[in-house]
Each structure stands twice: as structure tokens, then as C-alpha cells.
Amino acid sequence: MASIVLVLHQSRWAAEFAKIKVDLASVLGTLAVAIDHIGSTSVPNLHAKDVIDVQVTVSELQPSIVERLVAAGYQHFPALTDHVPLGEAPDPSQWEKYVFTQRAGERRANIHVRVAG
């Protein structure tokens, strides 16, 4: 089993996210309502895994999102559901999301595509 390594916050993480954001915006166009840096690398002075987490907010999950990102070289992990917050209904249709990782040879990233709300 691989161990998880936390590192000191890196000032370069914000710029690395910005580069990923520009690319995702170019690939997804108006399908992306918002693209945000999430997770521990987005928090200044917090130790984190050296993986940029990105949330792409969309109005609906649709096949064209997967098609565009896969065509651009992102790796897709199908049929995933999100964590259900305590007290929320566990209906899987309410927590569906798409998950992708970086393109081959690019900095490590997890890209979560979720419906607004």
C-alpha cells in the first residue's frame, strides 16, 4: 500500500491551479459554470499532498463533458458518487460526479465535476 506524504505548503500551487483552470476552461467552454481550486493545496500554510484538486461546477452532468475532457487527454474514472454529508439523503443520483486526472506527463491533479448546488 502506498503511503500518503504531506509536504509544506508550496507557493507554486496557486499558479499550477491557474494553468489547469485555463486549460479546463478552454476545453469545456460554457459547460463549466465555475472552476475552483479546492482541497488542502488551496489553503495557505496547510500541509498537503502534492496533488492539485479542482472542482468544475456544471449545470448538469452530460456526456459531452466526458467526451471533451477525454478527447483533450484527461483520464476519466466512471461511475463515481460523492461523499454524502451527514444528515443528507443518501440518494446516489443526488451525489453523482465525474472524476478525471491529469493528462499524461502533466502535474498531478484530481478534477471533480459536480452539478451546481
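Predicted model: local features only at pLDDT ≥ 70, side-chain atom pairs only at ≥ 80, totals over all residues.
1. Strand β2, residues 52-58, has two pairing partners. With β1 (residues 32-38) the pairing is antiparallel and spans six bridges; in that pair, Ile38 is bridged to Asp53. With β5 (residues 109-115) β2 runs parallel, joined by seven bridges, and Val54 stands opposite Ile111. Six of the seven residues of β2 are buried.

2. The largest nonpolar core has 24 residues, and those touching the most other members are Leu24, Val54, Val56, Leu69, Ile111 and Val113. Elements contributing two or more residues are α1, β1, β2, α2, β4 and β5. Helix α1 gives the largest share, six residues.

3. Val56 shows how these parts meet. Beyond its neighbours within four places in sequence, its contacts include Leu24, Leu28, Ala34, Ile35, Ile111 and Val113.

4. There are six salt bridges in the structure. Asp50 takes part in one with Arg12, at 3.5 Å between the closest N and O atoms; this pair connects the loop between β1 and β2 to helix α1, 38 residues apart. Asp50 also forms one with Arg107, at 2.7 Å. Because Arg107 sits in the loop between β4 and β5, that pair ties together parts 57 residues apart in sequence. Shared partners join Arg12, Glu16, Asp50 and Arg107 into one network.

5. Asp23 and Arg103 form a salt bridge with an N to O distance of 2.8 Å. Asp23 is in helix α1 and Arg103 in the loop between β4 and β5, so the pair links parts 80 residues apart in sequence. Arg103 counts as buried at 19% relative accessibility, whereas Arg107 is partly exposed at 22%.

Terms used:
Residues numbered from 1 in each chain as written. Heavy atoms only, no water. Buried < 20%, exposed > 50% of the residue type's maximum accessible area, 1.4 Å probe, protein only. Helix = DSSP H or I, 4+ residues; strand = E, 2+ residues; numbered from the N terminus. Pairing = 2+ DSSP bridges. Core = buried A, V, L, I, M, F, W, Y, C linked by side-chain atoms within 4.5 Å. Contact = heavy atoms within 4.5 Å. Salt bridge = Lys/Arg side-chain N within 4 Å of Asp/Glu carboxyl O.
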